[in-house]
Amino acid sequence: MYDWLTDHKIPLGLWLRDFVDLLTTHGQNVFDFISLVLGGLIGGFTAVLLWVPPLLLIALFALAAWLVHRSIGLTVFILAALLLVANLGYWEATMETLSLVICATLVCVIVGVPIGIAAAHRPWLYTAIRPILDLMQTIPTFVYLIPTLVLFGLGAVPGLISTVIFSIPAPIRLTHLGISSVPPALHEAGKAFGATPTQLLFKVELPHALPTIMAGVTQCIMLSLSMVVIAALVGADGLGKPVVRALNSVNIAMGFEAGLAIVVLAIVLDRVCKRPERRSRKN
Amino acid sequence: MPAVEFRNIDIVFGNDQKGALKLIDEGRSREEILSATGSVLGAAGVSLAVERGEICVLMGLSGSGKSTILRAINRLNEVARGEVLVEHKGTAIDVAHCNEATLRDIRMHTVSMVFQQFGLLPWRTVRDNVGFGLELRGTPAAERARIVDEKLAMVGLTNWAEKYTNELSGGMQQRVGLARAFATDAEILLMDEPFSALDPLIRDKLQDELLDLQRRIHKTIVFVSHDLDEALKLGNKIAIMEGGRIVQAGTAEDILLRPANDYVAEFVKHMNPLNVLRGTAVMRPAAGLPREGDAVVLDKAGRVKVKVDPEGRPIAIDLDGRAGLLAVADGEAGAIDDKLAIASDCIIAPVDLRLKAAIELKRHTDLPILLVDDLGRLAGLCDDDEIYRGLLRRLEG
């Protein structure tokens, strides 16, 4: 009945494939370079985390948590949680995942915060990127996993790229929110005393937006963590690997333990990244 | 050269500036301009000069355009047409059309501002808030600390320097705002309803403190207020605005005694004239008093006469042939030494004696009051009749 509609298929998929082919043939050097840099970054982080003896690192984490938050409960919890992970035998995988999450968050912040600031200053830009951000968060991850795989090969880098694509909208959105919700009175105060646009940004807008931006970073960390299993599918090391392996071999025990380790890491990161008490109480 | 001068400025918020200006020229109202162009009239045809050392109060209901024109002085609002001249380093600069660098220089050195909602940075301590303007213009830390300490002492917040602003009460926060504005040592201070967010007692106190400070520092202050009491108390000059236009500009007495239209008259109807009116406004001028040779006759029957010297200074009083005694009163407080008052027959007071002080003297002594100018020359008479007429504001009648 509607052959006329299906007879001439619009080759959307083919176009995209051709585009990716074009990128691989002409831009291979660029992608190799990116791959090298990001791979080196993740490898470096992982190497450092694994070089330190686990017990010492656990003690350092607990100490850092104590120094930042001054809470006995939190410190004891972090100590117990990390010791449990080590006991289950997932220490190495946890550190690999941690390194992936840290790298992904770093990239997200370095790229996302300036985009958020630019969007807050130019309403048209935000209108333009909003659908893209929505797309990045709703499109099924596997779909862009394929081209990243083609462009960057197997390993941690395509995992990192996919993670960044999924989690970068959070810091962009929240930076935009933080900067654009600076009260007009503060803006005017800055301008009235002769602030340049740069001074206005660093002395008024960013300090005011900092709590919101930090919330964006925390969210970004959590979103990155939720991507570890997907990243494992393209060959990234970490806690995702045992989960994938457990799924393939229907290994309930392994799946539970690896999943638990992910949850523990998520809770630890969330609690540690929560903002300390309001600064005004410090004095 | 005035410190600040508006020359025929129009301010329009919206995209259709040209269309709006055309309608302004046709004398249309704000509502008509809004419905025709979608742009909001901020101010139209405003001309006003504020002299050095003067406190000029822009006064009107909300939406009358008073904050709008205040913000044109440091170009927080752009002017659609006209000039805003500000005295900067000895020359008059048109803020509305100067380049960015000059504008920044003016904002850093010549014009500073106090905001209604304080506009303090909550992540900074009181000290760092006060030093904000100095920091922006790159004053070295040591000098900044010295200036900040000085300004904190000036507003009485020395012990609060290390607190965060949200730990302070509203009144204290606005003192921080004042200290921040004073810190850059700007010649011109813009105050956008600085005391409106405070409760009445604190407001009154800060008004007194501001007047007190002004006596020492002699800045040019442009002050926005919707409170007539505040305007009359603070302003050397008051400009009353309605619908983006100035309807009357003048001294407190001018506005109280000679309202330009019904709008102003309605505004001042319930005002207490005691604190505003001065001897000059109510007195019967010396020129209008009957004379007998070198003496001025004070009463209708012609029995009380004051002798004046060739310069016009009162030197003696004659009560139906008996020589009386003249006593000098403290014009500011409206007080006179009791013994002196009992012995004397007439009081001499400065011509700018407040009506309230005049009544106080009158109640205390029941003697006629002679007003003299700065050089001691007889300026006029202020007796029961003059006071009553002043109170009833029937000077012309």
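Predicted model: local features only at pLDDT ≥ 70, side-chain atom pairs only at ≥ 80, totals over all residues.
## Annotated spans

For chain A, the UniProt annotation "transmembrane region", from an unreviewed entry, covers residues 33-66, 72-91, 98-121, 141-166, 209-232 and 252-273. In the model, residues 209-232 of chain A are 92% helix and 0% strand, and the end C-alpha atoms of that span lie 35 Å apart. Residues 252-273 of chain A are 100% helix and 0% strand, with end C-alpha atoms 32 Å apart.

For chain B, UniProt places the feature "domain: ABC transporter", also from an unreviewed entry, at residues 21-268. This span of chain B is 43% helix and 22% strand. Its end C-alpha atoms are 32 Å apart.

## Helix contacts in chain A: H4 with H5

Helix H4 (residues 54-69) and helix H5 (residues 72-88) of chain A have axes that come within 9 Å and cross at roughly 160 degrees. Because angles over 145 degrees count as roughly antiparallel, H4(A) is described as roughly antiparallel to H5(A). The crossing of H4(A) past H5(A) is right-handed.

From H4(A), the contact takes A:Pro54, A:Ile58, A:Phe61, A:Ala62, A:Ala65, A:Trp66 and A:His69. H5(A) contributes A:Leu74, A:Thr75, A:Ile78, A:Leu79, A:Leu82, A:Leu83 and A:Ala86. By class, the contact of H4(A) with H5(A) has 12 nonpolar residues, 2 polar residues and no charged ones.

## Helix contacts in chain A: H6 with H10

Helix H6 (residues 91-121) of chain A packs against helix H10 (residues 169-180) of chain A at an angle of about 40 degrees, and the two axes are 7 Å apart. This angle makes H6(A) oblique to H10(A). The crossing of H6(A) and H10(A) is right-handed.

On the H6(A) side, the residues are A:Cys108, A:Val109, A:Gly112, A:Val113, A:Ile115, A:Gly116, A:Ile117, A:Ala119 and A:Ala120. They meet A:Pro171, A:Ile172, A:Thr175, A:His176, A:Ile179 and A:Ser180 in H10(A). The contact of H6(A) with H10(A) divides into 10 nonpolar and 5 polar residues, with no charged residue.

## Helix contacts in chain A: H9 with H12

The axes of helix H9 (residues 156-167) and helix H12 (residues 197-225) of chain A come within 9 Å, crossing at roughly 135 degrees. That angle makes H9(A) oblique to H12(A). The crossing of H9(A) and H12(A) is right-handed.

A:Thr163, A:Phe166 and A:Ser167 of H9(A) make the contact with A:Cys220, A:Leu223 and A:Ser224 of H12(A). The contact of H9(A) with H12(A) has 3 nonpolar and 3 polar residues, and none that is charged.

## An open sheet in chain B

Chain B contains an open sheet of 4 strands in the order E2-E1-E4-E5, with antiparallel pairing. Strand E2 (40-50) and strand E5 (91-94) of chain B stand at the edges with a single partner strand each, so one side of each has no neighbour in the sheet. From one strand to the next, the twist averages 25 degrees.

Within the sheet, E1(B) and E4(B) pair in the antiparallel sense over 5 bridges, and B:Glu5 stands opposite B:Leu85 in E4(B). Strand E4 (residues 81-88) of chain B pairs with E5(B), also in the antiparallel sense, over 4 bridges. B:Glu87 stands opposite B:Ala92 in E5(B). The hairpin of E4(B) and E5(B) has 2 residues between the strands, and in this hairpin B:Lys89 takes a positive phi near 50 degrees. Helix H3 (residues 66-73) of chain B lies across strand E1 (4-13), E2 and E4 of chain B, running at about 115 degrees to E1(B).

## Interface between chains A and B

At the interface, 21 residues of chain B are in contact with 15 residues of chain A. On the chain B side, the elements that give two or more residues are helix H4 (100-109), strand E6 (111-114) and helix H6 (132-136) of chain B. The residues on the side of chain B that touches chain A divide into 9 nonpolar, 7 polar and 5 charged.

Definitions and conventions: Residues numbered from 1 in each chain as written. Chains lettered and ligands numbered in written order. Contact = placed C-beta atoms within 7 Å. Nonpolar A, V, L, I, M, F, W, Y, C, P; charged D, E, K, R; others polar. Axes fitted to C-alpha atoms, helices over the stretch in contact; angles between N-to-C directions. Parallel < 35°, antiparallel > 145°, perpendicular 65-115°, else oblique. Left-handed = near helix turned anticlockwise from the far one by under 90°. UniProt positions renumbered as here; feature names shortened; annotations may be inferred. Pairing = 2+ DSSP bridges.
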